[in-house]
Amino acid sequence: MPTPRKKPATADKPAAPKKATTRRKAAAAPSANGDAAPAAAPVADTPGSPKGKYDLVVVESPAKAKTINKYLGGGYQVLASYGHVRDLPTRKEKGEEVAGVRIADGWKLRYVVDDGSEDDGPKGRRRKSPAAILAEIKKAANGANRVLLASDPDREGEAIAWHIADALKLPDARTFRITFNEITKTAVQRALASPGKISTDRVAAQEARRAMDRVVGFPLSNLLGKKVAGGLSAGRVQSVAVKLIVDREREIEAFKTEEYWKLTALLAKAGTGMAWAADPAKSKIFAKKKAEAAKPVEWHAPSDADAVADPDEPVVDTEQEDAPVADAPGSPKAGEPGASATGGLPTPPEGAFLAELVRWAGAEPKLGNEAAADAVVAALAGVPFAVTKVEQKDRQDRPSPPFTTSTLQQQANIRLRFSTSRTMQAAQKLYEGVELSGMGQTALITYMRTDSTRVSADALTAVREFIKTHPRLGGRDPRYLPEKPNFYASGKSAQEAHEAIRPTDVTVTPQRARDAGLAGDQLRVYELIWNRFVASQCAAAVVAVTTVEATAGQGLFRATGRVVKFDGYRQVMSPVGKDEGLTLPSVAVGDALDRLDLFETQHFTQPPPRFSEASLVKALEKEGVGRPSTYSSIIATIQNRKYVTQERGRFFATEIGKVVTDFLVANFPSIMELKFTSHFEEELDDIETGKMQYRVVLDEFWGPFSELVQKANADAPAARETLDEPCPRCGRPLEKRFTAKTGGYFIGCTGWKDKESPCTYKRDSDGKEITGPTVTEIVCPACGKFMVRKEGRFGVFFTCEGAPDCPTTMNLGADGKPVVTALPTKVTCPKCEKTTLLLKESKAGKKYVQCPDAKCKFISDCDDLGNPVKPPDTGIACEKCGSPMVVKVAWRGPFLSCSGYPKCRNAKSINAELREKLKDILPPPAEKTEKKSDIPDVTVDETCPECDAPMRLMKSRFGPGFYLGCTKYPKCKGKGQVSAELKRRIDAAAAAPA
């Protein structure tokens, strides 16, 4: 399956990856024989060829390359591949059942290398194309003694190493694979001392996953485009993840709340003279009236702020199997009055305690309404209480294992309120290396994509020595260090060659890292990883648990107290959501008790909670859906596809998410089964270990699946609903259709496809008519035609009726009147000499010209007629490329920019010294006005996630709204989201009278 060059070794096992054929593409440009021409000529592998003067090491990222360079001498050159260098194409060729996959020809895959020729977005490419990167590696490999492929130590990394070797036809005799779990001098030198070869089995497993994702995703996505709405996608993993959220949404919608009551007695040992004034009015505690079902949350672009849960919501540790799920079905939802852990009960005075009714007349009490609770209270009137059981025992609370990818994502979401993507971005930087004062470029943690809890012997020795001598731990009490190291079992599918996520050097404490310059998200994630690792090797905590049971008539009441006798690992990392500080007074069996009060509390059962990122990650891992290293991308994908949205830290299924899930379940039940996805992950593990052949696995799947696709394509009804309502314009029936643009639906006329008399009537889900583009009476200043009013992401704008021949555009100004934003000139672009330049105006009011061809990217200052003008000479050269620096003006003011833009994007602010030097060529400062600031005067308490400096409120440049920016800008470009509390203060300030 992986490539044409692979032949069965035993039955269907792939041969060594070095034997590549011409069918595999290495560049986008076709060669004479119809195949793609290679991006670089193959390196010669002539016997007896002279060895180079250095060894070439190829890693994935520049940051990792910089860190590794610290440990290597002059005999090495380190280059970065920037991840994958080639991928499957998106367009089919003859003989391919799915783009890039020839299934009938033994699952041969066709790869292409992106040369950047199709990169035509407005932002352009920010780094070299894969073709250029391969050419750079090839050039260095020609003069190298050995080529050491050091991509990440997982399947993806193995595949990247193979792709580089295969695309460049690197000679097997001097091409090697090295891996290291941590980027330390010892680990790197150990890897260099024992280089190996690329694992063909691991490559086969990765290619099997890639082929499966392609042959599932492309046909299903095309089918959804025909049957539901254009622009939709489906996938082997993402669709199952959406189904989990949709199923939970349906459970919540179908849930019926039931009322129940609890009885709790306030007791004290008889004869103590405890003073308590019982108030009948306060002895019955009603829950707040259940809120009406809220309107479904509308989809919005995902952001890290959405992952922040409601501060009033209780924290539940998803790692703990016995963690109390406060809002599970049949139990009260914590955090609500009358339904919290204490049920809104008062705090007992010293010497008294609360005991809950757990048995009545020998059975579990069933108090479904107020009358039932009143009847029990009446039966207990005047009945004496007595202690019938006292049980005391010590319980050991053992530490959790060091982090895996999954548990790191869960705990960062729970403790730090970080999204999975935010967590993995910080962890990636910690693994690759960060610049620290006095330490240089330093990698702080081991590889962060792992499902193993194993710890190396050297790391165990180091952490035990640290615990033994630390003044807060073993240096104060030897009990903190257990007699033997703590070992933890990994999951059944864990790759034990990996280690858990841990610090590379346990002596680099979070405080030491902070002093060396680590800050923001990286510091917080490092502190979490460091604390968890050290805690995992500390002794267990000891909790004294006391249970007291008392009887009164037919009732049995129970109270439980917990006291921490020895904090153990909790000295380093306290558990989440555990309240273990409740002490019960000393009582003995037979002691009489005074009933100080008897409380009736009303409760309502609550539906199952919506998934948070932490609980969704736990569910995906439990069901075997995907791999922990992919959870971050899965969560991002299902939000970007508008199938789900996130608000207050909880996932909500959108309308289109439900429709797509129902369609896939109805037509592809086997694909949407959790067991199918988890079973395939197990088969990938078997392919990696050589137990199964990838072609057998894929052939077994493709036959039935392709039949289902054909059947659904022919028979499955479209997800549209015809309404019993005529179109107000033409009288034809209306229908409900779904759109990927909003993640919801709209109502449209069924006559929209009629060629002779089409009807474009549409209205949104709120009943508002969608008017679409309308021709106005505004005359185009360039061609004299009328301007067309349109609505986009950032509001109303105007284009010329003669577009695209006339590219004039307008926006609405502050006064609500149209303002020209782009006007064609008669000046031909001096760079491409193909098109005429557009005259534009920046937000700072400065006019400039730009080529409308995105590939050309010419931009220049100009005069009033649109003629480009050469910027004045600053006498300053770019530090990166040597080109002259020129003065540019942005909405914040003038700055220096490299004249080699966009190839070189170097820019720098103008300080006082430069301002004095350039005073004759700098534009005059803008006139100060008495205009009232658009930014309300509110206090911002947040600090920058990058450098911990104070944040300030900033006005969004792309429409209404605000965001937080670092006060150290431009030195630090940290940003943050406006919290719900800050938003309330902003609204209050805006509503206040001037």
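Analyst: Strand E23 (residues 774–779) and strand E24 run antiparallel and are joined by 3 bridges. Two strands count as paired if DSSP finds at least two bridges between them. Strands (at least two residues) and helices (H or I, at least four residues) are DSSP runs, numbered from the N terminus. The model is a predicted one, in which local features need pLDDT of at least 70 and side-chain atom pairs count only at pLDDT 80 or more, while totals for chains, interfaces and linings use all residues. Residues are numbered from 1 along each chain as its sequence is written, and side-chain values use heavy atoms, with hydrogens and water left out.

Strand E24 covers residues 786–792, including Phe786. E24 is also joined to strand E25 (residues 795–800), by 6 bridges, and these two run antiparallel. Here Met787 has Cys800 in E25 as its bridge partner.

Phe786 also belongs to a nonpolar surface patch of about 260 Å², together with Val775 and Val779. Such patches are made of residues with over 30% relative accessible area and no salt bridge; nonpolar side chains (Val, Leu, Ile, Met, Phe, Trp, Tyr) are joined within 5 Å, like charges within 9 Å. Accessible areas come from the Shrake-Rupley method with a 1.4 Å probe, and for residues only the protein chains shown count as cover. Buried means under 20% relative accessible area, exposed over 50%, and partly exposed in between. Phe786 is partly exposed because its relative accessible area is 36%.

Strand E27 (residues 818–828) pairs with strand E28 (residues 836–841) over 4 bridges in the antiparallel sense, with Leu823 opposite Leu839 in E28. E28 is joined in turn to strand E29 (residues 847–850) by 4 bridges, again antiparallel, and Glu841 stands opposite Lys847 in E29.

Strands E31, E32 and E33 make up an open sheet in that order, with antiparallel pairing. Strand E31 (885–890) and strand E33 (907–908) each have a single partner strand, so one side of each is left without a neighbour in the sheet. Strand E32 (residues 893–898) pairs with E33 over 2 bridges, and Leu896 has Lys908 in E33 as its bridge partner.

Side chains also link parts of the chain. The structure holds 43 salt bridges, where a salt bridge is a side-chain nitrogen of Lys or Arg within 4 Å of a carboxyl oxygen of Asp or Glu. One of them joins Lys64 and Asp152 at 2.5 Å, N to O. Lys64 lies in helix H1 (residues 62–69) and Asp152 in the loop between strand E5 (144–149) and helix H3 (155–168), so the pair ties together parts that are 88 residues apart in sequence. Both residues, Lys64 and Asp152, are buried.

Arg570 forms a salt bridge with Asp397, with the closest N and O atoms 2.6 Å apart. Arg570 is in the loop between strand E14 (555–566) and strand E15 (581–582), and Asp397 is in strand E10 (residues 385–397), so this pair ties together parts 173 residues apart in sequence. Arg570 and Asp397 are both buried.

Note on methods. Buried means under 20% relative accessible area, exposed over 50%, partly exposed in between (1.4 Å probe, protein chains only).
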